[in-house]
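Here are my notes on this one, as promised. Have the structure open while you read, and follow along point by point.

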Amino acid sequence: MTKPEVIDLRSALEYLRTEPGELVETDVAVEPEAELSGVYRYVGAAGTVMRPTRLGPAMIFNNVKGYPGAKVAIGILSSRTRVAKLLGVAPNRLGFALRDSVNCPIQPVEIGQEGAACQEVVHLATDEGFDLRKLIPVPTNTPVDAGPYITLGMCYATHPDSKVSDITIHRICVQGKDELSIYFVPGSRHIGAMAERAEELGVPLPISISIGVDPAIEIAACFEPPTTPLGFNELSIAGALRNKPVELVKCLTVDECAIANAEYVIEGEIVPGVRVREDQNSNTGFAMPEFPGYTGPANPSLPVIRVKAVTHRKNPIMQTCIGPSEEHVNMAGIPTEASIIDMIEKAMPGRLQNVYSAAAGGGKYMVVIQFKKLGPADEGRQRQAALLAFSAFSELKHVFLVDEDVDPFDMNDVLWALNTRFQGDIDTIFIPGVRCHPLDPSESPEFSPSIREKGISCKTIFDCTVPYHLKSKFVRAQFMEVDPKTFLPDFE
Ligand code: MN
């Protein structure tokens, strides 16, 4: 595939305009509170979103009530085909391309403030009447959410001791005119570790939140350990994907950098020793719709970001996503595929054909591994590959193993393998009592006696591969090889 000339959100949108069916726009005025997400749920959210929904185009709302001159873009990455186009990689090779980028990273560079588009317009928190709620059209996804959420904020911070930097996407709720709350999944997120250390030292942690950037950055930011341990700046993966370093610029009010061509940058610091209740403004008890498809509970006690400045480009474009949409599947799932490919290939080269982090798992809970047994000694190695996948990505819950003649990206084909190459009593492998991702609502002691506390799961392998010695009995019905274009010239 040819690489499109994408360097930022605007060039990504320009490119999508040239691709049939990938982008729609509306000039009809939309309410950022609940209505905008309600519209996109029908247009293109897919993933684990309530039905009816569908895979569809990205969408731009050109007229957002209360925010003259600003636009909101949603669903840029909500189809795998669109992600593939934006990165110039075939859809079924995305995991491999990301794995290659992890292995030959290109570090970001710092440019001067005179060349930084994200600082074209500057609003300081010390300005008269500063209110970030009036500056940025942050959508509230459903009527019961704790508040407006920045769902695609690239959070960038630096460790107080080691000075290594990290980029990650976190759930950020707007709490006041210069205040945000930020949620770190306990024990596994790098900026969370930095904030903890700064708090121990009794100092604030400078942080920048860049919104509206090159999609390559949004995907790279979703890598997690062990593929990108603390100290691995994931911006270097985006650099490798584009074969061009990501450009950073010094913030104006805090000692940190931001992505120079972002649409918006929020500059601030995580305040030591301060916590807020996430739903202090709405009092609904809910946070926002999360990737498993449920509206998560509001957190009783979250760290606070004190905002120092909001900078943006002229006529800025706010970018957002719906938590449970296929956009999350791609952002979380494709890095997961890359991590699994890397680990299995290192351990047993040549067997792994492909990995798909399936939409039904939100990009985290479920993968399909396509595995080729090369000889009788490979019987059982497919299960070893599944165990490696759990190690490559700790929040993975279900692994489906299929043979080389099953399309791992086609869930009907995967379920065909489950129906004709699987017997429940011998091919289901349970690994109870393992820590997983805390947003799965079935992970509770009330749900299952094997679960001691929230966040623990029974990980399960569904081995839908044919035992090697029986392979000759499992040949799919073969059809004559023909060229359908002879009969239908437009056939693709
Ligand atoms: Mn990291």
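1. Start at isoleucine 259, which touches Cys118, Met154, Ile167, Ser210, Val213, Ile217, Leu235, Val246, Glu247, Leu248 and Val265, leaving aside residues up to four places away in sequence. Contact here means heavy atoms within 4.5 Å.

2. Before you go on: this is a predicted model, where local features need pLDDT of at least 70 and side-chain atom pairs count only at pLDDT 80 or more, while totals for chains, interfaces and linings use all residues. Residues are numbered from 1 along each chain as its sequence is written, and side-chain values use heavy atoms, with hydrogens and water left out.

3. Now the core. Ile259, along with Ile76, Met154 and Ile217, touches the most other members of the largest nonpolar core, which has 57 residues. Such a core is a set of buried Ala, Val, Leu, Ile, Met, Phe, Trp, Tyr and Cys residues joined through side-chain atoms within 4.5 Å, and buried means under 20% relative accessible area (1.4 Å probe, protein chains only). Helix 1 (residues 9–17) gives the largest share, five residues.

4. Where does this core lie? Domain 1 (93–320) and domain 2 (328–473) both give residues to it, so it lies between them. The domain bounds come from an automatic or database domain assignment.

5. Back to the strands (DSSP runs of E, at least two residues; for helices, H or I, at least four). Leucine 248 stands opposite isoleucine 259 in strand 13. Strand 12 (residues 247–250) pairs with strand 13 in the antiparallel sense over three bridges; pairing takes at least two bridges found by DSSP.

6. These strands belong to an open three-stranded sheet, order 4-12-13, with mixed pairing. Strand 4 (109–111) and strand 13 (257–259) each have a single partner strand, so one side of each is left without a neighbour in the sheet.

Terms used: Buried < 20%, exposed > 50% of the residue type's maximum accessible area, 1.4 Å probe, protein only.
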